[in-house]
Amino acid sequence: MMFQALKTVASLLLGAGILILGNGLVGIVLPVRMSLEQVPTAISGLVMSAYYGGLVLGCLWGQGVIARVGHIRAFAAFAAGVAAATLIFPLWFDPIVWAALRLIVGFLMAGLFFTIESWLNLRSSKKTRGQILSLYMITNYLASTLGQLLVNVWSVRGLELFCLGAMLLSLSLVPVVLTRVAGPEMDRTAPLSIAKLYAISPLGVVTSLGAGVISGAFYGMGPVFGAAVGMSIFAISIFMGITLLGGLSMQWPIGLLSDKYDRRTVLLWVLIAITTACLLEFALSGTVHAITWVSVLSGLFGGGAATVYPLAVAHAFDYVEREQMVAASAGMLLSWSIGATVGPLLASLLMSSGHDWSLFLFLAGVSGALALFTRYRMGRRIALPSAEQAKFAPRGEGTVAGTLDPRARPAKA
């Protein structure tokens, strides 16, 4: 029985890794291609934000599809839809069409994340759920990083990279549909409304929203920035890859600190570090080695930015009842997705009106505003003793992970 559970978990993690690998590749090809085709920055921001808009819709209605048709058929339908959309991109180069396709892909990816994560939850016990969540997060970050590097295999102007992305997305079906254990019955979780979450934890909701703005702006517009300032395709992939690896490396040390000390203090210093890194990147824009410094500082930025959302969730969980944690997690993801939808739009408008390096000024402004709000909230509520805080759990941004969270109710047997 234990061996079968391990096989199922391994199959699901393999399928998730291949899926994220293909999605990460397409996610960098699109903005670079638009930059090379001289699509206006504001239009590129619209196209990239549409993906996160799809995640918002997926958070609201994606579970309903899974509940109606079951996990395996839902996964197959979602993955096939993403693969088909990926093949349409190079056949119909039009920003409006691309925005519509990105919206559809975002919705389908939300459904895929719901499918995988609820299935992983079924195959985990209370003792192993935290370990499986960590493995899932590592898979997420490493596959996303490798997806950035795959952009160097062929030209972004051709069909090949889109075909490779579609192939990977299709191959993600294989380990999942061949799983011998049936998927779990879908226990639909309606997210707590943002208003209710705000009443419970104002800092958690605002920080989650801000984390989405930061991540959406950077991962949506970062490749556009790189192409605009003259980076090669290889340099752009390294620039984005370092940011992702920074995010992976800092989750555990920041999490340990947040469990030991006042979580808001840790969050405040993380936001100050992000603001400092972004201001340095903007200040170095006119120097000879600006691009090199930006690539180096992106690791510091990524390390901080990737921990803001899980810190926000952990802080909210300090005040949420255990039986509400899955619903609260869904609500926090909805808040993050709304922020991520807005982020590329706002950043692209600033980059269009000023210059491309304004991306970092925008990121510094958002993180600085979050730091000020964090400091304000520290004066409005007494800190919980560390022994009463919910434990930090690493999270990949843009994934569901609520049912996998070891702090929530136990997995169903």
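**Helix packing and ring pairs**

Analyst: Helix 9 and helix 14 are roughly antiparallel to each other. This is a predicted model, in which local features need pLDDT of at least 70, side-chain atom pairs count only at pLDDT 80 or more, and totals for chains, interfaces and linings use all residues. Residues are numbered from 1 along each chain as its sequence is written, and side-chain values use heavy atoms, with hydrogens and water left out.

User: Why are helix 9 and helix 14 called roughly antiparallel?

Analyst: Helix 9 (residues 202–228) packs against helix 14 at an angle of about 170°, with the axes 10 Å apart. Angles over 145 degrees count as roughly antiparallel, under 35 as roughly parallel, 65 to 115 as roughly perpendicular and the rest as oblique, so helix 9 and helix 14 are roughly antiparallel. The axes are lines fitted to C-alpha atoms over the stretch in contact, and angles run from 0 to 180 degrees between N-to-C directions. Helices themselves are DSSP runs (H or I, at least four residues), numbered from the N terminus.

User: How do you know how helix 11 runs relative to helix 14?

Analyst: Helix 11 (residues 263–283) and helix 14 (residues 358–378) pack at about 160°, and their axes are 8 Å apart. That angle makes helix 11 roughly antiparallel to helix 14. Their crossing is left-handed, a term for a near helix turned anticlockwise from the far one by less than a right angle (clockwise would be right-handed).

User: What makes the pair of Tyr 51 and Tyr 52 edge-to-face?

Analyst: Rings of Phe, Tyr and Trp (its six-membered ring) pair if their centres lie within 6.5 Å; planes under 30 degrees apart count as stacked, over 60 as edge-to-face and the rest as tilted. The structure holds 15 aromatic pairs. In one of them, Tyr 51 and Tyr 52, the centres are 5.3 Å apart and the planes stand at 85°, so the pair is edge-to-face. The pair of Phe 218 and Tyr 219 is edge-to-face as well, with centres 5.2 Å apart and planes at 85°.

User: How do you know whether Phe 218 is buried or exposed, and Tyr 219 likewise?

Analyst: Buried means under 20% relative accessible area, exposed over 50% and partly exposed in between (1.4 Å probe, protein chains only). Phe 218 has 1%, so it counts as buried. Tyr 219 has 21% and is therefore partly exposed.

Conventions:
Helices (H or I, at least four residues) and strands (E, at least two) are DSSP runs, numbered from the N terminus.
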